[in-house]
Amino acid sequence: MAAVEATAKALENATISKTKELKGTEKRDSLITIEKKYQRIWEEDGVFQPDAPSTAEVPLNSISAAELRTQQPKFFGTMAYPYMNGTLHAGHSFTVSKIEFTAGFARMQGKRSLFPLGFHCTGMPIKACADKLINEIKMFGQEFERYSDEEAAEQKPAAPTASTHHEDVTKFTAKKGKAASKVVKMKYQFQIMRALDIPIQEIHRFADPQYWLEFFPPLCRRDLTNFGCRIDWRRSFVTTDANPYYDAFVRWQMNRLKELKKIKFGKRYTIYSPKDGQPCMDHDRSEGEAVGPQEYTALKLKVKEWAPEAGEAIKGKVPEGADVFFVPATLRPETMYGQTCCFVGPKITYGVFKVSDKEFYIITDRAARNMAYQGIFPQNGVYEKVAELIGSSCVGTVVIAPLSVHEDGVRILPMESVLPTKGTGVVSCVPSDSPDDFATVTDLAKKAEYYGIKREWAELEIIPIISTPSYGDLTAPFLVKKLKISSPKDTKQLEEAKELAYKEGYYQGTMVFGEFKGDKVEVAKPKVRQQLLDAGEGFAYSEPEKKVVSRSGDDCCVALMDQWYLDYGEDSWKEVALKYVDNADGKGMSTYSAETKNGFEGVLNWLNQWACARTYGLGSKLPWDPQFLVESLSDSTIYMAYYTIAHLLHNDIFGKTLGTAGVKPEQMKDEVWDYVFARRELSDDILKESRIAQESLESMRREFEYWYPLDLRVSGKDLIPNHLTFFLYIHLAIFPPDYWPKGVRANGHLLLNGEKMSKSTGNFMTLDDLTKKYGADASRIALADAGDGVADANFEEDVADNNVLRLFTLREWIEEQVKDQANLRTGPKNDFLDALFENEMNSLVHEARGHYEETNYKLALKSALYDFTSARDFYREASAAAGIAMHKDLIFKYIELQALLLTVITPHWSEYLWLEVLNKPTTIQNALYPVVPEPTPALTAARDYVRTTSSNITSAEAAQQKKKAKGKDIGYDLKKPKKLTIFVAAKYPAWQEKYIDLVRDAWKPETKSLNDKELTGKIAKMGEMKKAMQFVQALKKLLVGGEKPDTVFGRKLAFDELATLRNMIAGLKKAAGLKEVAIVAVAEGGKSGKVVGGDGEGKELEGLSQSAEAAVPGVPTFNFENVEA
């Protein structure tokens, strides 16, 4: 079929995968088989379906909700519900993993742990895609059989973009978000559907927007189940009026916000799509997420005298006696006193637009389109162009610039860098405070003949307008000179100069000219603006901060509309939110990182008035004005509360079958929602009007009161400028303070193999791809390993692949140990290898717990898997070297602890060990985190000593081998039998005593810290900085690591060094292939000693090798030599 072939060609480049190619899959398949088995069992047994304590167990109001949560602890966590216009990708899985791991650990802490997930369908994207398919079916047929390669027009080259510099320094700028990053650059919607692996014969069904709601949620559930998520699917739902219960919930929410005067009606600027005929909010955009309106002051520069060419061009097109204005848009009205000219782009085509019979504006078409929806032209949406002018033809025109000291007029001059995509395409020139303007007029004056102007036009007097502490009262000339800017083409330096000038001028500047002389700039700015507006010499103009494209493909503008809007930013509401985010008293909201907290504070300080209604798309109708739908970011702010009772209301995501409460949608009146969500108490009126049984109402109230407040909300950091801030605002408005959210964790985006994920480059994986390629547990390990901060994380396929092998071989080894347990040692445990191994396991159990509690999953993985396996490896190898079997009790303890420590991250693998290897009676998902003794510092120190000493011996021999390879004499033959002499010192060098005293005085046991700066200063005065600092840092490490100060300062090792070395002898001989090992206790001075262990014990030695002198307690030195075979 032509459509299939043509679309396959269109997809060819996008489907050439850059991801890793696997060679063998038997081990992976073995692990996946186990994963599928336990996913099925968990679902059948309802393992992840927690309920609040019933009112039968604990009657409602018998104790407070807070007391109940204390007696029976809970965890309630959610992530932003995914949008149902496709399947989940690897980036989703990264966000999922954060809440998934936290929920898993909460179970191990003995908490009832709830992780629910719904499906977001509100807004334009689904409807816009469905409408595109309707048109494409009309064009190409139901199966797109009339489509051919010729239909695929070439992509237009991208238009030049404006500077990324954010000129309004008072506003927060969000980075590129998910909407922008998910754009699939294919011309037709049916091609995008094919890229989602939807058969060509099925695509026509998606022309019905409701079909999307039926098709994608099951795939989302499938993928997350395959990933091993601990999700309570009973509580799932779709948004919009497709679910009448959720629809009633949204209507209640909007009614209450209106009653609270949080929703208002009035004219406001909003991003608008003329094509769609409605506001275009964040989730309605294919480009420009988090972009808002930028409001300017538009100035009316009346033409006094036309340049000849321009005068000819408009002759007969503008009535005699009518006023024509060049209209620049400025963010800095306070500087307009210093206008010396007005710039146009010489190659830009401008329109002359009719405002009235007596008034015409010269601006770009783009600016006119914006103004047409802002009440500036006579008829909304209409902008009548009577003539066109090329910018170069206007050069030399004299205009009267409002407020300018040059009252006789200023000239229109050329500026090559003017963009038609920013502002009105006409730019006011204030060379005193704008580095760009100063550089340009300087260049124009130097090259007047080249530019076809008179030099004096560019040399009008530059007067001081603003005084700044750093740059004086002529900021732009100062910075141009300082940064050595020689022409307008020095764009990089000009960007820097602009940034410095704008910030310094706004925050630190003081007016030195005009009516508001002496005022701070930030105070004077709105006063000057109002003065211009009141005088009719300017007007308000707004446009998108950056390019915004709707899902329907429309280039959006800004409209001034009568709208229903949420009054975010209202002073009292904002102050409550800022205080809660600040969390100074520890009773507010945890943000887990300073960057997230700063992000919230930044958004709270600029966000205001968000349109909450639209006319196009899917959603719930605004209850008091049903011509409008509730906007997609406004119906998704407090749905976490809905999760608490969803399973009681309905048994399917569409609310078609009743839940256990036996309640119909129409019974869920606003007063019922108020009661359920603890906003009012139960009354006879509620019971009578709703006809809901009191028992059902109390059960719903119990579920909400128990699970709320929400403990953790996880989302990508790109949602801080909208969803996450709205989520906070609405919770604070709707619910009592006891039910405000306790934590928000924002994560970065996910890189794949160190590169940005992109379908077009082939560096892309869906969640389904991940679990099919690596299985759930290995994928989860790689996600835990990817990182935990707000910075972008990195999913490495090598990590997933290596852990497929690690999990398989570790499971295989464990099964062998259990099968061959008769070969393991029994009876009393020894005080060396057994003691060291058990102590290290205990230490890692505590270490991993700390990391899980801090939600540092990369570090938790290191302790729970990598280090735990390393501890096992050392015990196994050391036991083999010493010629003894491993102890049965310790191996079984290791297996049990390993399963438990990894339950959070690898639930299937751990479940298999728990039930099928250890034969435990019930699922590991209900097991508690292991409780083990605190590690013994002496054993920990001994273990570190053994590891370090073994490594140093290996390193010493390797160094000798390198010397030998280079032809140097090392004093012995590597191929002949060798003897290792280990030199041990009983005492520390005398010079260290004075530093012991310094550290003792500086050590603060209550904080386990010392003042490094003060200590370093004292050491510096004693003249032994290098060796002294190494020694002091070693002491600090011991103290911080938990060793008792008396032991450290008393110059005692926490363990018996000689006894430890004697225990190491057998292992060293075998591991290093040594014939003999001797341990020599070195006498003071390092010249003589006595063999106290190993071969030749009791022998007195004189004239020891030079290395003996370097030995200190805890750090032995070594010597190799040959011995007779």
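Predicted model: local features only at pLDDT ≥ 70, side-chain atom pairs only at ≥ 80, totals over all residues.
Residues are numbered from 1 along each chain as its sequence is written, and side-chain values use heavy atoms, with hydrogens and water left out. Local features need pLDDT of at least 70 and side-chain atom pairs count only at pLDDT 80 or more, while totals for chains, interfaces and linings use all residues.

The C-alpha trace spans about 120 × 80 × 65 Å along its principal axes. The protein has 36 helices and 36 strands, taken as DSSP runs (H or I, at least four residues, for helices; E, at least two, for strands) and numbered from the N terminus. Of its 1125 residues, 54% are buried; here buried means under 20% relative accessible area, exposed over 50%, and partly exposed in between (1.4 Å probe, protein chains only).

Salt bridges (a side-chain nitrogen of Lys or Arg within 4 Å of a carboxyl oxygen of Asp or Glu) number 62. Take Glu 312 and Lys 315, with their closest N and O atoms 3.0 Å apart: Glu 312 is exposed at 53% relative accessible area, and Lys 315 is exposed at 57%. Asp 788 and Arg 745 also pair up, at 3.7 Å from N to O. This bridge links distant parts of the chain, 43 residues apart, with Asp 788 in the loop between helix H25 (767-786) and strand S29 (793-795) and Arg 745 in strand S26 (residues 744-747). Asp 788 has 16% relative accessibility, so it counts as buried; Arg 745, at 5%, is buried too. In helix H32 (residues 993-1002), Arg 1000 and Asp 997 are 3 residues apart and therefore separated by about one helical turn; their salt bridge is 2.8 Å, N to O. Elsewhere, Asp 51, Asp 232, Arg 234, Arg 235 and Glu 703 are linked in a network of salt bridges.

On the surface, Lys 962, Lys 963, Lys 966 and Lys 968 gather in a patch of positive charge; patch residues have over 30% relative accessible area and no salt bridge, with like charges joined within 9 Å. Lys 963 sits in helix H31 (residues 937-965) and is partly exposed at 41%.

As for aromatics, rings of Phe, Tyr and Trp (its six-membered ring) pair if their centres lie within 6.5 Å, with planes under 30 degrees apart counted as stacked, over 60 as edge-to-face and the rest as tilted. The count comes to 72 aromatic pairs. Phe 140 and Phe 190 are edge-to-face because their planes lie at 65°, with centres 6.2 Å apart.

How values were computed:
Patch = residues over 30% accessible without salt bridge, like charges linked within 9 Å, V, L, I, M, F, W, Y side chains within 5 Å. Areas by Shrake-Rupley, 256 points an atom, 1.4 Å probe, with all protein chains shown as cover. Lys, Arg positive; Asp, Glu negative; His and termini not counted. Charge placed at Lys NZ, Arg CZ, Asp CG, Glu CD.
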